[in-house]
Amino acid sequence: MKQTQINRKNMIEATLSYLDEKSPLWQSIAKIGEVKNKLSEVSQAIDVAAAEQLKAQVNAGKMKTELKRTMSQKGDILNDMVEVFAVMTGDETLKQTMGQSASDLFKMKNDDMLRQIKLIIDAATEHQQALTDGYGLTAEQLADLQADYDRFLELSGLPREYQIKSGVATLTLDELFSEASDLLTNQLDNLMKIFKRRDPALYAGYEKARIVVDY
């Protein structure tokens, strides 16, 4: 949830809690109980939708971390081949760009890791024939690392399946908060006006609970 939604959810919870606490004072008005129960159901539905949204986002993060680990390991293997090739051919400049281990690659910030993996892919592609003939490189290894690289770029914007799940949850949250707003503004607020003069303290407490506190 966005912070504004969290703030609104806190207000809903405060309002429900206040009504529960003061139920002996308003329970003679059956319509208030009816609307309150509907609001409670919406509040619970918001919790479920928020959990689904978070689950989609967390799953995407886990996928990205695992792919980064795999890329680092595969990149290290190609990196070693290119580095040895550079040593054997006296290419000092190429050698200096190929010294990272799998651990080094994994510890890098994502953008730095991607740049280094791209350097490895480009170097292996440039010298592919020589690496294939004398250093054990296979076309599958190169294509596999390229596919992982492309997949990681895709994950950086969230994979489509998780964009959809998170987006649906976000849409559901917006709809649920809209429903909660309608129940509060157009129904419960009006019903509680019954106590504006009958029980000013109850009404004042309700209005206080209805305030959205921004953080």
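## A note on the model

Please keep in mind that this is a predicted model. Residue numbers start from 1 along each chain, following the sequence as written.

## The nonpolar cores

The largest nonpolar core has 28 residues. Those with the most contacts inside this core are I12, I32, L39, L188, M192 and F195. Which elements give two or more residues to this core? They are α1 (3-21), α3, α9 (160-192) and α11. The largest share, nine residues, comes from α9.

Leaving aside residues up to four places away in sequence, I12 touches L39, S43, I46, F177, A180 and L184.

Helix α11 spans residues 200-209. Within this helix, L202, Y203, G205, Y206 and A209 are buried. Looking down the axis of α11, you will find these buried residues within an arc of 160 degrees, so they line one face of the helix. On the other side of α11, A201 and K208 are exposed.

How many salt bridges does a search of the whole structure find? The search finds ten. One of them joins the side chains of K9 and D47, with an N to O distance of 3.1 Å. K9 belongs to helix α1 and D47 to helix α3, so this pair ties together parts that are 38 residues apart in sequence.

Is K9 buried or exposed? K9 is buried, at a relative accessible area of 7%, whereas D47 is partly exposed, at 42%. N37 and K9 are 28 residues apart in sequence, and their C-alpha atoms are 16 Å apart in space. N37 is partly exposed, with a relative accessible area of 45%.

## Salt bridges within a helix

Two other pairs are worth a look. The side chains of K31 and E34 meet in a salt bridge at 3.1 Å, N to O. Both residues lie in helix α3, three residues apart, which is about one turn of the helix. K31 is partly exposed at 40% relative accessibility, and E34 is partly exposed at 36%.

In helix α6 (residues 110-126), D112 and R115 are likewise three residues apart, about one turn of the helix. The closest N and O atoms of the salt bridge between D112 and R115 are 2.3 Å apart. D112 counts as partly exposed at 32% relative accessibility, while R115 is exposed at 51%. Elsewhere, salt bridges that share partners join K9, E13 and D47 into one network.

## A nonpolar patch on the surface

Our last stop is on the outside. V84, V87 and M88 form a nonpolar patch on the surface, and together they have about 290 Å² of accessible area. V87 lies in helix α3 (residues 30-89) and is partly exposed, with a relative accessible area of 47%.

Key: This is a predicted model: local features need pLDDT of at least 70, side-chain atom pairs count only at pLDDT 80 or more; totals for chains, interfaces and linings use all residues. Side-chain values use heavy atoms; hydrogens and water are left out. Buried means under 20% relative accessible area, exposed over 50%, partly exposed in between (1.4 Å probe, protein chains only). Helices (H or I, at least four residues) and strands (E, at least two) are DSSP runs, numbered from the N terminus. The arc is that of the directions from the helix axis to the C-beta atoms. Patches are made of residues with over 30% relative accessible area and no salt bridge: like charges are joined within 9 Å, nonpolar side chains (Val, Leu, Ile, Met, Phe, Trp, Tyr) within 5 Å. Accessible areas come from the Shrake-Rupley method with a 1.4 Å probe; for residues, only the protein chains shown count as cover. A salt bridge is a side-chain nitrogen of Lys or Arg within 4 Å of a carboxyl oxygen of Asp or Glu. A nonpolar core is a set of buried Ala, Val, Leu, Ile, Met, Phe, Trp, Tyr and Cys residues joined through side-chain atoms within 4.5 Å. Contact means heavy atoms within 4.5 Å.
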